[in-house]
Amino acid sequence: MDSLTLPATGRTPGVFFDFAGGHLRMTGESYPDDVAGFFGPVFESLRDFLDRPDGGAIRFDMELLYFNSSSAKALMNIFQMLETVARGGRPVTVTWCVEENDESMRELGEDFAEDLRHVVFQMRELPAGGAP
Amino acid sequence: MLAQQYASIKRDLDERGIVFSFSGYLSEGILYSLGEALREKMALEEADGPTIRRVFSVFVEQMQNIIRYSAEKMSGSAGRTVELSAGMVTIGMEGGKVFIVCGNTVRNSEVPRLKERLDHLKSLDRDGIKTYYREQLREEPDDGSRGATLGLIEIARRASDPIDYDFDAMDADRSFFCLKVRV
């Protein structure tokens, strides 16, 4: 199992985890009717990947345009998993993508980045015009 | 008579600036469909993406609160679990701002805790709400809350004015709870 690909639906995000290349990406919107049911398998395959001993660099692109409060908890869980492996010496870079003028999403990025000590966190601005 | 009766309900809604209203059993499916209609309407009126997402975000959290916490529920597991929760949601315009009011029945025993949470949120300024959000984001959910605290903070955060709430006692066991948010 060297990748996890879940195409985005109306209310669940697109998940593109390329484990071989160390590139993780989430796109679209996240407000699943069953948060645990959706994120459970995502956590599981991410955990398996992070537990592998041959730890190369990891890049995580957070490109969600919207997520609800229960998805925020799930995302925080992913961030904490990444911080743990980064603390163990694995290079991890998180890129938090924000559409220009989306102050709410920018603020959320700051909230999530607050206690990252070992993960390199960067904010990237995207042009406006994605799905509303 | 029939048309007159319903025209009067419709007129009452119109006069209050209400654009969408739904009363009855709510489900995740209804949340999705109403949410899409809300976003399409705002997009047609040329609201920008961040504004639409702010309104949508308050809408989703309010609807999910009803679906999860309404004291008036039907559930069955005919094949898959469906949760139907009675409540009402109205969305309208008032003084150039969008407002969302949600109402549902709650048990009287839950009123003090809910009041306490809402009063705490109302007492906080922008920075206070932000700090509270950061704390709760890292907190394990408390028993039976299914993440309600973070949802309420999210609502307060996206609101442009302080949130308004009210309770109306129905009987010895239940009250009707209303939450009004302007975005």
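A:Asn101 lies in the loop between S5 and H3 of chain A, where helices (H or I, at least four residues) and strands (E, at least two) are DSSP runs numbered from the N terminus. The model is a predicted one, in which local features need pLDDT of at least 70 and side-chain atom pairs count only at pLDDT 80 or more, while totals for chains, interfaces and linings use all residues. Residues are numbered from 1 along each chain as its sequence is written, and chains are lettered from A and ligands numbered from 1 in the order in which they are written.

View 1. Although A:Asn101 is not a glycine, it has a positive phi of about 75 degrees. A:Asn101 counts as partly exposed because it has 13 C-beta neighbours inside 10 Å; with C-beta atoms placed from the backbone, a residue is buried if 20 or more other C-beta atoms lie within 10 Å of its own, exposed if 12 or fewer, and partly exposed in between. Helix H3 (residues 103-113) of chain A lies across strand S5 (92-99) and S6 of chain A, running at about 160 degrees to S5(A); axes are lines fitted to C-alpha atoms, for helices over the stretch in contact, and angles run from 0 to 180 degrees between N-to-C directions.

**View 2. The sheet of chain A.** In chain A, 6 strands form an open sheet of mixed pairing in the order S1-S2-S3-S4-S5-S6, two strands being paired if DSSP finds at least two bridges between them. Strand S1 (3-6) and strand S6 (120-126) of chain A are the edge strands, each pairing on one side only. Strand S3 (residues 23-30) and strand S4 (residues 58-67) of chain A run parallel and are joined by 8 bridges, and A:Arg25 stands opposite A:Asp61 in S4(A).

**View 3. The surroundings of A:Ser30.** A:Ser30, which is placed in strand S3 of chain A, counts as buried because it has 25 C-beta neighbours inside 10 Å. Leaving aside neighbours within four places in sequence, A:Ser30 is in contact with residues including A:Thr12, A:Pro13, A:Leu64 and A:Phe67, contact being defined by C-beta atoms, placed from the backbone, that lie within 7 Å.

**View 4. The helix pair H2 and H3 of chain B.** Helix H2 (residues 28-44) and helix H3 (residues 49-69) of chain B pack at an angle of about 160 degrees, with their axes 10 Å apart. H2(B) is therefore roughly antiparallel to H3(B), since angles under 35 degrees count as roughly parallel, over 145 as roughly antiparallel, 65 to 115 as roughly perpendicular and the rest as oblique. Among the residues of H2(B) that meet H3(B) are B:Leu31, B:Gly35 and B:Leu38, and among those in H3(B) are B:Phe56, B:Phe59 and B:Met63. In the loop between H2 and H3 of chain B, B:Glu46 has a positive phi of about 65 degrees although it is not a glycine, and B:Glu46 is exposed, with 6 other C-beta atoms within 10 Å.

**View 5. The hairpin of strands S5 and S6 of chain B.** S5(B) and strand S6 (residues 174-182) of chain B pair in the antiparallel sense over 6 bridges, and a hairpin joins S5(B) to S6(B) through 4 residues. B:Asp164 stands opposite B:Lys180 in S6(B). Strand S5 (residues 164-169) of chain B is hardly covered, as the count of buried residues among its 6 residues is 0.

Terms used: Contact = placed C-beta atoms within 7 Å.
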